[in-house]
Amino acid sequence: MTTSRRQVIAALGAVPVVAAWPGLARAQGKIVLGFSQIGAESEWRTANSESIKSAAKEAGIELKFSDAQQKQENQIKAIRSFIAQKVDVIAFSPVVESGWGTVLREAKAAKIPVILSDRAVNEKDDSLWVSFMGSDFVEEGRKAGRWLLENMKGKAGDVNIVELQGTVGSAPAIDRKKGFEEIIKADPRFKIIRSQTGDFTRAKGKEVMEAFLKAEGKKINVLYAHNDDMAIGAIQAIEEAGMKPAKDITIISIDAVKGAFEAMMAGKLNVSVECSPLLGPQLMQAVKDLKAGKTLPRRIVTEEGIFPMEVAAKEFPKRKY
Ligand code: AHR
């Protein structure tokens, strides 16, 4: 039985899927890509969405873009609607790692290839996706840890760290914690005294940092934030508590978005580890390759650097996001 358009719209619920029904695009010989985005929780995510939309336009690919507003259930609904619409390829950035098996098996049964973009899933059957493109989050955590160890070399006594984690259950939150801990455990002076999620947002980063400051006050030597937005929110909390960010508390974060460079140039953030959101062009290339019958690499890792505050002013004009 074929699925009617009305059934698909009902299955979609409140999830906004931008773009027309794929029939017209197909008639024009266009490839149709369904992309389920997590939401707009950070400056990084906004740049990522923009990269995907502009690269699709440039590549002449019909993009059906769905914003899940941070909810896994919305991503699952969007993927089901892409399957029902028989798109050529599905790509998505999974908000959390687990719970994707059923919907990915549905895509496989419908013979629609799936590409994981930015974040990984935790599923045993790796035949459920054809490729995963994005950063090595464990390595990002390691880079943050190595910078800290190097920059605290001369400091005597304990180094008390508070950690703002990303979204609970998400690949970057799990991996960035793991990579950072792997490095700092080499020196027992480095202690994570508080660790809580700030959900990758400025507002939550500020709120949780306020609580950390209330509980630990001047004991805090270092803030490790899993992204720049939470660090920027926390900087506000530190200033409101009458302390100097990047001086009284060393601040390390991840993403290297423009907002982080502005904070570094203002002397309020010590370092940001790069995580590039500019995945659009390589995603479109992968979609085209798939349609041309090519086999994609199972893993495509993004090359990234690290930017301490000392280089921020020089690097800022070159930043694209
Ligand atoms: O998955 C990438 C992470 O998600 C970015 O570091 C963060 O800013 C975003 O929300």
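A polar contact is a pair of N or O atoms within 3.5 Å; within protein, one atom must be able to donate a hydrogen and the other to accept it, and residues adjacent in sequence count only if both atoms are side-chain atoms. The model on display is predicted, so local features need pLDDT of at least 70 and side-chain atom pairs count only at pLDDT 80 or more, while totals for chains, interfaces and linings use all residues. Residues are numbered from 1 along each chain as its sequence is written, and side-chain values use heavy atoms, with hydrogens and water left out.

Begin at the ligand. Select arginine 119, where a polar side-chain atom lies 2.8 Å from an oxygen atom of the ligand. At aspartate 255, a side-chain N or O atom is 2.6 Å from an oxygen atom of the ligand. The protein covers 100% of the 280 Å² of accessible area (Shrake-Rupley method, 1.4 Å probe) that the ligand has on its own. Now display the residues around the ligand (a heavy atom within 4 Å), among them Glu41, Trp44, Phe137, Arg176 and Asn227.

Next, colour the two domains, whose bounds come from an automatic or database domain assignment: domain 1 is 17-134 + 277-297, and domain 2 is 137-275 + 308-318. Their C-alpha centres lie 31 Å apart. At the interface, eleven residues of domain 1 are in contact (heavy atoms within 4.5 Å) with 17 residues of domain 2.

Finally, select glutamate 43 and arginine 202, whose side chains meet in a salt bridge at 3.2 Å, N to O; the rule requires a side-chain nitrogen of Lys or Arg within 4 Å of a carboxyl oxygen of Asp or Glu. Across this interface, the rule finds one salt bridge.
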